[in-house]
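Okay, thanks for coming, everyone. Let me put this one up on the screen and walk you through a few spots.

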Amino acid sequence: MDRGSLSGSPVTGSTPDCLSLVALGPARSGNTATMNALLVCELHAHSTWSDGFLTLAELVDLHGNADVDVLCITDHAVRLDDPSPNAVDAWTWPAYAAAIRAEAARALSEYGLILIQGLELSDNHEDPDLSAHALAIGLERYVSMDAGFVPALEEANNQSAAVVAAHPYTSSDVNAHRATRRIWRERDALRGLLHRYELFNRREVFTWVAAEGLPPVAAGDVHRAEHLASWKTLLPCDRDPAAVVAHLRSSGRVLLTPFAPEQAANLPIAA
Ligand SMILES: [Zn+2]
Ligand SMILES: [Zn+2]
């Protein structure tokens, strides 16, 4: 496959420095035939519909030109009483969805890039122990945060979206930019509502996800063009939005890799 932006072949060396690609999750029998068709996926991206700095069209062009195969648009949804002004709400959702549909058609015809509509269900509180973000990938309808985080996750599950724990910090993480510890704190209670967990968010690593053997993904949490350089998820599934969402919802194997490292700048930690 022609993946000029990948940092190396999917072969591991004997030292961590040489490790260019990590396979995680249970292997499935009969999977080898699909391994030649890995889809490079950005599962976590924000546009100007929330707090991203790129328009939908700019996001599509950035990822299309980099030969990314799948781009999930996950702008924030927040509670009505959240002071954050940058979010998709029930009133702007129809326009947001229409804009993504229009860009999805262009992305496919110009780049062969699959666009998938979603939200980052964002429950922000002063107390990091109460705060949590989760990606809902493949939504058909808006998901309100007003009844709380758990009802929002349940609604995303009811819509058959893939639900992914985003930047799940623990009490040992010193970064307090946007500490979201509830998913880690309530990891047993929330497990049945989450299909995947970010082991990597951009260049941060959430090691407890690996330690507990949870199904991982890597995502760039793209807000700016330079976030193209981040860890990404490779999916061994059909080039089809429904297949991507179904694979993320399953326990099927994913592969994680650094992407476009030559474009990495000094990135601030952000989520
Ligand atoms: Zn985000
Ligand atoms: Zn977030």
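The protein averages a pLDDT of 87, and 82% of the residues score at least 70; pLDDT is the predictor's confidence in each residue, from 0 to 100. It's a predicted model, so to speak of local features we need pLDDT of at least 70, side-chain atom pairs count only at pLDDT 80 or more, and totals for chains, interfaces and linings use all residues. Residues are numbered from 1 along each chain as its sequence is written, with chains lettered from A and ligands numbered from 1 in the order in which they are written.

Where pLDDT is low, the predicted coordinates should not be read in detail.

Buried means 20 or more other C-beta atoms within 10 Å of a residue's own, exposed 12 or fewer, partly exposed in between, with C-beta atoms placed from the backbone. Ala132, Ala134 and Ala136 point one way, and His133, Leu135 and Ile137 the other.

Who are the neighbours? Strand 4 runs antiparallel to strand 5, joined by six bridges, and Ser122 stands opposite His133. Strand 6 is antiparallel to strand 5 too, with five bridges, and there Ile137 faces Ala162.

Last stop: His167 has a positive phi, near 30°, and sits in the loop between strand 6 and helix 4.

Technical notes: Helices (H or I, at least four residues) and strands (E, at least two) are DSSP runs, numbered from the N terminus. Two strands pair if DSSP finds at least two bridges between them.
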